[in-house]
Amino acid sequence: MTTSPPKYLQEDNLSEECKKLLSILPKDKGWVGSYVYNYQGFWTPPRFLQGTTWLKSLLFALVNRVKHPIFEPNHPLLVNNPHVLIPFLEHILYIDGRVPDFSTFTSPRLLATHVPFASLPKSVQDSKTKLVYLCRNPRDTFISMWHFTNNLILHHNDTNSIEVMFDLFCEGVSLYGPFWNHVLDYWKQSIENPTKILFLMYEEIKKKPKIQLKRLAEFLECPISIEEENCGVVDEILKMCSFENLSNLEVNTNGKFSTGEAYNLFFRRGEIGDWKNYFTIEMSDKLNHIIEEKFQGSGLKFSYV
């Protein structure tokens, strides 16, 4: 018996307008589907879903801690996947020609995107909307992306070798890549407009979670009070949003999106330095050379351990 692939792997149900646009765009080997397409200088799949699960859970817990006290037994994060609570604009809300009614969204509205800064609508760029950007070192970013995309296609298509996908990554052909352009755009914007864009490093949150959580709260204009800190709110948020807790919740071990992706695909290891288990010396040298060249003079430095 044959079964149809999940919705996120289907490429034959695109609108005619979308197909017409794709037909004139440069394309290369895809990480999940057959191809990725270069649109406005960045590589994009026809339809895709991937996420910054940890940041979403921290954001939701922080800004909703009055409506949903962190100590309540049925907190939304305990019974929902973070990607459901903070949906992607391009992959959930606007997919398949949908137009969401934001007037039905409760405040504060938390939304997610992988879209490069230059591709954001002017209404977002010029509004009072605050943007939180999460960056991870390029080596772990590549390994995480390679595992994630292979797990998406595992039971439906042949998986991609690390050698082939590494070469593509180094050429700039990655999801929403080139990696360096995506990161540098948001980095420069965060320096020019620090009240609008907060640039966070994954490694810094892992190493100093309390400091970074407080920094995030200040940026979002919902600072953590001394009373809250004394009551253990910071510790409880970090505990609830930890990889160990979220990855072992029943909803995240058994749940699925309506498009077919299992929630557990978004929880692999959550560690710094997993690249060491896969990179050869030659791979490290090649990517180091590219990163040094691309980020020269930017002031942005990566932590790999």
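Just after α11, Glu221 adopts a positive phi of about 60 degrees. The model before us is predicted, with local features requiring pLDDT of at least 70 and side-chain atom pairs pLDDT 80 or more, while totals for chains, interfaces and linings use all residues. Residues are numbered from 1 along each chain as its sequence is written, and side-chain values use heavy atoms, with hydrogens and water left out. Helices (H or I, at least four residues) and strands (E, at least two) are DSSP runs, numbered from the N terminus.

I remain with Glu221. Its side chain meets that of Lys130 in a salt bridge at 3.6 Å, N to O; the term denotes a side-chain nitrogen of Lys or Arg within 4 Å of a carboxyl oxygen of Asp or Glu. This pair links distant parts of the chain, 91 residues apart: Glu221 in the loop between α11 and α12, and Lys130 in the loop between α6 (122-125) and β4. Glu221 counts as exposed at 62% relative accessibility, whereas Lys130, at 27%, is partly exposed. Here buried means under 20% relative accessible area, exposed over 50%, and partly exposed in between, with a 1.4 Å probe and protein chains only.

I turn to helix α11 itself, residues 209-219. Which of its residues are buried? They are Gln212, Leu213, Leu216, Ala217 and Phe219. Because they cover an arc of only 165 degrees around the axis, they lie on the same side of α11; the arc is that of the directions from the helix axis to the C-beta atoms. The face turned away from this buried side carries the exposed residues Ile211 and Glu218. The buried residues of α11 pack against α2 (53-63), β4, β5, α10 (202-207) and α13 (233-240).

In α13, the buried residues are Val233, Val234, Ile237, Leu238 and Met240. They fall within an arc of 165 degrees seen down the axis, so they line one face of the helix. A salt bridge also joins Lys210 to Asp235, with the closest N and O atoms 3.0 Å apart. Lys210 lies in α11 and Asp235 in α13, so the pair ties together parts 25 residues apart in sequence.

Finally, the cores. The largest nonpolar core has 41 residues, and Phe142, Phe199, Phe295 and Phe302 have the most contacts inside it. A second, separate core of 30 residues includes Leu55, Leu85, Leu200 and Leu216. Such a core is a set of buried Ala, Val, Leu, Ile, Met, Phe, Trp, Tyr and Cys residues joined through side-chain atoms within 4.5 Å.

Key
Contact means heavy atoms within 4.5 Å.
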